[in-house]
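Visitor: Could you take me through the packing in this structure?

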Amino acid sequence: MNTASFPSTFTLGSRPVQRLGYGAMQLAGPGVFGPPRDREAALAVLREAIALGVDHIDTSDFYGPHVTNQLIREALHPYRDELVIVTKVGAARGADGSWNPAFSAAELERAVSDNLRNLGLDVLEVVNLRAMFDVHGPAEGSIEAPLTVLAELRERGLIRHIGLSNVTPAQVEEGSAIVPIACVQNHYNLAHRADDALIDQLAARGIAYVPFFPLGGFSPLQSAALNALAAQIGATPMQVALAWLLRRAPNLLLIPGTSSLAHLRENMASAQLVLTEEQMAQLQRFEGQGGAAAH
C-alpha cells in the first residue's frame with residue numbers, strides 16, 4: 001500500500017462522480033425508521049453536502065420508509081445535472097421497523113415506482129439490488145430472478161444502471177452474466193476486509209465499489225488504536241478511516257452518512273488528509289479483523 005493520491009473521480013454507471021459522496025440513511029429517525037428528529041436540520045445537511053461538492057448521494061426508499069427520498073426531493077429538487085442519486089431495492093420495512101426481503105417481481109416494481117415518485121424522477125440513474133439471504137451480511141443464494149426483473153425495468157427505461165449490495169463474489173459473477181453491473185456496495189473498512197480481492201477484481205474491470213460503515217465492526221482495541229493515531233495526526237478517527245479508504249483503491253466511492261453539519265464538513269475534509277507510509281503501515285495491522293453490520 002502506498003500513499004500516492006488516486007484520481008478524485010471514478011465512473012459510476014456512465015457518470016464520473018467525486019469519490020467522496022454522501023449516504024442519506026442517517027437522515028431518517030432512530031433505527032432508520034420514521035421521520036428525523038429535526039427535519040430542517042436534515043434538509044440543511046443535504047443542501048450543505050451539495051454546496052461542498054458532493055455529486056453522488058446514496059439512498060433507498062426503505063429508509064424511513066420513504067423518509068430520506070422525500071427529504072432529498074424537498075431539499076434538492078430540481079436536481080443539478082451533475083448529481084447522481086443511487087438507490088436500493090430488495091428490502092421492505094415491517095411495521096415494527098424490521099428489515100424484510102422484498103424480492104418478488106411485484107415488490108421490486110413497486111419499489112422502483114416508489115423511488116421514482118418520492119425522488120421526483122422519471123428514471124433512476126443507478127438501482128442497487130440488496131441481497132437479503134442474510135440481513136447481517138452476504139450469504140449465498142441465486143439473485144437471477146430479482147435481477148432479471150430489474151433488467152426488464154432497465155429495458156423499459158425506468159433504470160439506467162444496476163448495481164448489487166450485500167453480495168458475495170459468486171453473486172457478482174452471476175449478476176454480471178445477466179446485466180452489466182455498475183457498482184457493488186458491501187460492508188468494508190479497515191477492520192472488515194473480506195472483500196479485498198473482490199475490490200481489486202472490480203477495479204480491473206472498471207466497476208465501482210461502494211463501502212459502507214467506515215467504522216463498523218471495530219473492536220475496542222482497534223478503536224483505541226485508531227483514536228490514538230487520529231490524535232497524533234490531528235484528525236478525527238472517521239477522517240483517518242475515510243482517508244485510508246480513498247487510498248485503498250481508485251474504484252472506491254465513499255458514502256459516509258451523518259445528520260450533523262459539523263460531521264459532514266469533517267468527513268468532506270478527509271479527502272485532503274495525506275497519510276504517511278508509517279501511518280499506513282499502522283493502519284494495515286487492522287487487516288483481517290472485524291464484524292458484519294446490516295445496511
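Guide: Contact here means heavy atoms within 4.5 Å. By that criterion, and leaving aside residues up to four places away in sequence, I57 touches Y22, A24, L46, I50, I72, L76, L83, V84, I85 and V86.

Visitor: What kind of model is this, and how are residues numbered?

Guide: This is a predicted model, in which local features need pLDDT of at least 70 and side-chain atom pairs count only at pLDDT 80 or more, while totals for chains, interfaces and linings use all residues. Residues are numbered from 1 along each chain as its sequence is written, and side-chain values use heavy atoms, with hydrogens and water left out.

Visitor: Which residues touch the most other members of the largest nonpolar core?

Guide: They are Y22, L46, I57, I72, L76, L150 and L283, in a core of 81 residues. A nonpolar core is a set of buried Ala, Val, Leu, Ile, Met, Phe, Trp, Tyr and Cys residues joined through side-chain atoms within 4.5 Å. Buried means under 20% relative accessible area, exposed over 50% and partly exposed in between, with a 1.4 Å probe and protein chains only. Apart from that core lies another of 11 residues, including V84, V126, C183 and V210.

Visitor: Now the aromatics: how many pairs count?

Guide: Rings of Phe, Tyr and Trp (its six-membered ring) pair if their centres lie within 6.5 Å; planes under 30 degrees apart count as stacked, over 60 as edge-to-face and the rest as tilted. This rule gives six aromatic pairs.

Visitor: Why is the pair F62 and Y63 edge-to-face?

Guide: Their ring planes stand at 85°, with the centres 5.5 Å apart, so the pair falls in the edge-to-face class. F62 is buried at 4% relative accessibility, and Y63 is buried at 0%. F62, Y63 and W99 form one aromatic cluster.

Visitor: What sits over the ring of W99?

Guide: The charged end of R93 does, 3.7 Å from the ring centre. The criterion is that NZ of Lys or CZ of Arg is within 6 Å of the ring centre and within 35 degrees of the ring normal.

Visitor: And Y188 with Y209, what geometry do they have?

Guide: Y188 and Y209 are edge-to-face, 5.9 Å centre to centre with 80° between the planes. Y188 lies in the loop between β10 (181-187) and α6 (196-204) and Y209 in strand β11 (residues 208-212), so the pair ties together parts 21 residues apart in sequence. Helices (H or I, at least four residues) and strands (E, at least two) are DSSP runs, numbered from the N terminus.
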